[in-house]
Amino acid sequence: MATICVASTKGGVGKTSLAFSLAKDLKYRYATNDMSVVLNKYKNARYYPNKIPLYPDTVYDFGGFENPHANEILREADIIILPTTNDLNSIMKSLIFIKQFRDKPILVFANMIESPNDAVMIREKIHEHFPNLAFTYLRRTKLLKNALESGMSASELYESNNHTQHLYKQAFAEYSKILNLFVTESPAVP
């Protein structure tokens, strides 16, 4: 059980789809300061345009902008997952974000990468300044996007039939590395 924040001041890095899938797979509350389709897809999703309450067993999705109320939750979170793409602006914003919250456990999540070399480049740039941060990645895939659009979590979509298991095998294994940080009983990993 944890308070998880998926956050970045950079838009378009995959915060919402990751936060939704984790919340649904963990059976956690989903809280956001940014309007999104998740509010129509997940019964435990709540939008907080102003003051954001701190809850246990919650995945917070903080939109691509700074918000003083979000900072309060970020400072209390058990872990911050920081999606970062292979884009210099994204990496720069991630470095600024890490500097602000470096006293918190942060998992840098290289998202939407084309190859493992992209992940290595992101990790090297981040580790130049913050060498001890945890790091994982997810290759460019439609697993999280299609899961959100269908209203299923990544695990539910992956497990829905043989075709999706074949189609998302590698992506689900990568996603499971993050999910397994928070579950005691792991989902089936190929």
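**Notebook: helices, sheet and a few single residues**

I started at the end of helix α6, where G151 follows with a positive phi, near 85 degrees. Helices here are DSSP runs of H or I with at least four residues, strands are runs of E with at least two, and both are numbered from the N terminus.

I am working on a predicted model, where local features need pLDDT of at least 70, side-chain atom pairs count only at pLDDT 80 or more, and totals for chains, interfaces and linings use all residues. Residues are numbered from 1 along each chain as its sequence is written, and side-chain values use heavy atoms, with hydrogens and water left out.

**Helix α6**

I went through residues 143–150, which form α6, and found L143, L144, A147 and L148 buried. Buried means under 20% relative accessible area, exposed means over 50%, and partly exposed lies in between (1.4 Å probe, protein chains only). Why do they sit on the same side of α6? They cover an arc of only 125 degrees around the axis, so they share that side. The arc is taken from the directions that lead from the helix axis to the C-beta atoms.

I then asked what the buried residues of α6 pack against. The list is α1 (15–26), α2 (38–41), β7 (134–139), α7 (154–159) and α9 (169–179). Contact means heavy atoms within 4.5 Å.

**Helix α9**

I checked α9 from its own side. Its buried residues are A171, F172, E174, Y175, S176, I178 and L179. Their cover includes α1, β5, β6, β7, α6 and α7.

**Helix pairs**

Two packed helices are described by the angle between their axes and the distance between the axes. Axes are lines fitted to C-alpha atoms, for helices over the stretch in contact, and angles run from 0 to 180 degrees between N-to-C directions.

I took α3 (residues 68–76) with α4 (residues 88–101) and noted axes that come within 11 Å and cross at roughly 65 degrees. From α3, N71, L74 and R75 meet F97, Q100 and F101 of α4. By class, this contact has 3 nonpolar, 2 polar and 1 charged residues. In that count, Ala, Val, Leu, Ile, Met, Phe, Trp, Tyr, Cys and Pro are nonpolar, Asp, Glu, Lys and Arg are charged, and the others, Gly among them, are polar.

Next I looked at α4 with α5 (residues 116–129). The axes are 10 Å apart, at an angle of about 35 degrees. The crossing is right-handed; a crossing is right-handed if the near helix is turned clockwise from the far one by less than a right angle, and left-handed if anticlockwise. On the α4 side I listed L88, I91, S94, L95 and I98, and on the α5 side M121, I122, K125, I126 and H129. The classes come to 7 nonpolar, 2 polar and 1 charged.

**The sheet**

I traced an open sheet of 7 strands with parallel pairing, in the order β3-β2-β4-β1-β5-β6-β7. Two strands pair if DSSP finds at least two bridges between them. The edge strands, β3 and β7, each pair on one side only. Neighbouring strands are turned by 20 degrees against each other on average, direction ignored.

I followed three of the pairings:

- β2 (residues 29–32) joins β4 through 4 bridges, and Y30 has V59 as its bridge partner in β4.
- β1 (residues 3–7) joins β5 through 3 bridges, with I4 partnered by I79.
- β5 joins β6 (residues 106–113) through 5 bridges, and L82 stands opposite V108.

How much of β5 (residues 79–84) is buried? I found 6 of its 6 residues buried. I79, I81 and P83 lie on one side, and I80, L82 and T84 on the other.

**Single residues**

I found Y48 in the loop between β3 (45–47) and β4 (58–62). Is Y48 buried or exposed? Y48 is buried, at a relative accessible area of 16%. Leaving aside neighbours within four places in sequence, Y48 touches A31, T32, N33, P53 and Y55.

I also looked up D57, in the loop between β3 and β4. Its phi is positive, near 50 degrees, though D57 is not a glycine. D57 is partly exposed at 26% relative accessible area.

M112 in strand β6 was my last entry. M112 is not a glycine either, yet has a positive phi of about 60 degrees. M112 is partly exposed, with a relative accessible area of 25%.
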